[in-house]
Amino acid sequence: MTDDASTSSVSDGSNTGPAKDDDPGPVNALDAKPGEVIRATTGMFPAAAASSGHHHRDPDPTGKRLAILTLTALGVVYGDIGTSPLYSVKEIFGHLYGLQPTRENVFGVLSLIVWALTLVVSVKYVSFVLRADNRGEGGQFALLALIFPRGTPHSFTKGGIFVALALFGTALLYGDGIITPAMSVLGAMEGLEFAIPSLAAYIVPITVVILGTLFAVQRFGTDLVGKAFGPITLVWFITIAVLGAAEIVRQPGILAAVNPWYAVQFVQANGSLSFFVLDSVVPVSLKNEALYADMGHFGARPIRLAWIILVFPALLLNYFGQGALLLENPAAAENPFFLLAPSWFLVPLLIIATLAAIVASQAMISGAFSTTRQGIALGFIPRLEIRHTSKVEEGQIYIPEVNWFIAVGCLIVVLAFRNTSNLGAAYGIAVTGTMLITSVLFYLVARIRFRWEPWQALLLSGLFLVVDLLFFGANVVKLMHGGWVPMALGLVLFLLMLTWKRGRALLTQRLNEGTMPIDLFLDGVEKSKVHRVSGTAVFMTSSADGVPPVLLHHLKHNKVLHERVLLMSVKTADVPETTPAERVRVMPLGQGFWRVIATYGFMQTPNIPQVLEVVDQMGIRAKPMETSYFLGRERLIPVANRANDRVKLPKWRKVIFALMARNARGATAFFGIPPNRVVELGTQIEF
């Protein structure tokens, strides 16, 4: 099933504005004149449709609501960056670099960590990037829609290199989604060497079991687990803060490392080695893309509050504590995090660390589901099965194909690298690449949306780029030691997404070539006196113009039409959600024909039966048991490009597109159409 029955990712731009406050009251489509556009009113929508947004958060929460959102954001947004103390300092002073934990090196490394957290997280993301929201939503796809809203001169097709950058950044996040759970859980399990030495040999098997279980339970939803995210992470941050503070009390002089001059001296003294050390500093300040992508769930204010009040201070205290421990006992470089704890607290700390690692992993998995749904809606990813795991929260979804893709990749990574030291080379390149792309796109946001002067946008974005390039460069030099894994995966996924987008555009062109103008078709229907039968027929089409090929195919073979015919198009707007009042438009065409356009945001899942409930209330009889759905099933045959093709693809990419289309989820299930009311008509298309 291809474009003839799929979500269109091209919005006409006429329905992306805010809904009107006034409700015009009941609307009867039967009273409208041909060509007159009628919008459904808010009161026409069933409860399920009216609440189909993934959230309805308060843009400026206060009091108890603010406290709840801040607590929840702790787990979902900061779960991953919160587990970085498990392995970051250990890797910096590990065997890879041969860096000794001398006083000068400890102060220099801590200074690098402090300023990485300050510049990358506090300044770049918390202070500026969170301002670049698309109706409260963040993330690469949301940013892309914000910069290049369709219906304006800056379109997805004209975005060129910037669209490609955003797609590649999104592709890299999938690679990071595979490596992050492996790194977090392995880092926690390595505490067994100190807490329960007899189990040290089973670190990898135990990690595999934990991760396997985590992915296996995804199908049950994250509702219950999600409620525990905040409290677990709260306990984690308090724990690491107390452990660090206790050691700082013994070595208060370590706080002087906040002086950036120590970082400068470290770089001067160690030369190129300090550049490589940046690679292990990356986990300290990464996962900011998750911070930005999850903004839609909580809002910028709770995310900022959680960072300022708890996360930033707790991380600093723990890192300073590890540094103080190294000054007192250089041998603690073997694992300074777990050696911060007294022996009696090692087992409880291991349990807390494991729970925190699971939370961090879950946050990345859930983020991959959310990103995939955005990509499907915007036309960059083929239709996949999307299961809603909560009756209350629309945003809690499960995508089996994505879950098991990440699961297999994650387990392979664990078995191949076996410990955090080996995995460190692969960890970070995906995120630093995405951070780099975000800095470039932020420049466009500042110019187009914030209307900054060029020098202002360039000055700030340039500062971000310098820092990002340093981190990215430090990771690239280890490309052959494992960094190629997320990079190769990102390139493959980028190619697939771009192929799907361009293949859809080419297929749409082919379908439109055989499209008959609606006026000409209706004249023919009137003159030929086609027999009409009772009931309603819905013909799914990606185009809001002309006659769908599946309708022509049906009339050619069956020589009959229903008394009511709806030409149904599903559009995706450049906003996260559309309100009920924005969602359904009906245009009478005459001869018992209506064109129905349902517009959803890229964070929403279309539901055609709910749309027909609204249409029925508008006076067009569309009862479930009287309605038949006609869908096209195309057999795609790749051929050489034609001279007049606006979109040209090599034949091998057309073969890939055809394979992806064949394995995409059917429109029947994706749009929630009752399968026993569907008629599929096949056709063969050369493209």
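Trainee: What makes Thr72 stand out in H2?

Mentor: In this predicted model, H2 has a kink of about 30° centred on Thr72. The bend is the angle between axes fitted to the seven residues ending at a residue and the seven starting there.

Trainee: Which residues of H2 are buried?

Mentor: They are Leu66, Leu69, Thr70, Ala73, Leu74, Gly75, Val76, Val77 and Tyr78. Each is called buried because its relative accessible area is under 20%.

Trainee: Why is Ser184 called buried?

Mentor: The cut-off is under 20% relative accessible area. Ser184 has 0% relative accessibility, so Ser184 counts as buried.

Trainee: Where is Ser184 found, and what is Ser184 in contact with?

Mentor: Ser184 lies in helix H6, residues 161-189. Leaving aside neighbours within four places in sequence, its contacts are Asp80, Thr83, Leu86, Ala357, Ala360 and Ser361. These count as contacts because heavy atoms lie within 4.5 Å.

Trainee: How many of the protein chain's residues count as buried?

Mentor: The share is 60% of 687 residues. The chain's accessible surface comes to about 26,800 Å², with 63% belonging to carbon and sulfur atoms.

Trainee: What does the secondary structure of the protein chain come to?

Mentor: It comes to 27 helices and nine strands.

Key: Residues numbered from 1 in each chain as written. Predicted model: local features only at pLDDT ≥ 70, side-chain atom pairs only at ≥ 80, totals over all residues. Heavy atoms only, no water. Helix = DSSP H or I, 4+ residues; strand = E, 2+ residues; numbered from the N terminus. Buried < 20%, exposed > 50% of the residue type's maximum accessible area, 1.4 Å probe, protein only. Areas by Shrake-Rupley, 256 points an atom, 1.4 Å probe, with all protein chains shown as cover.
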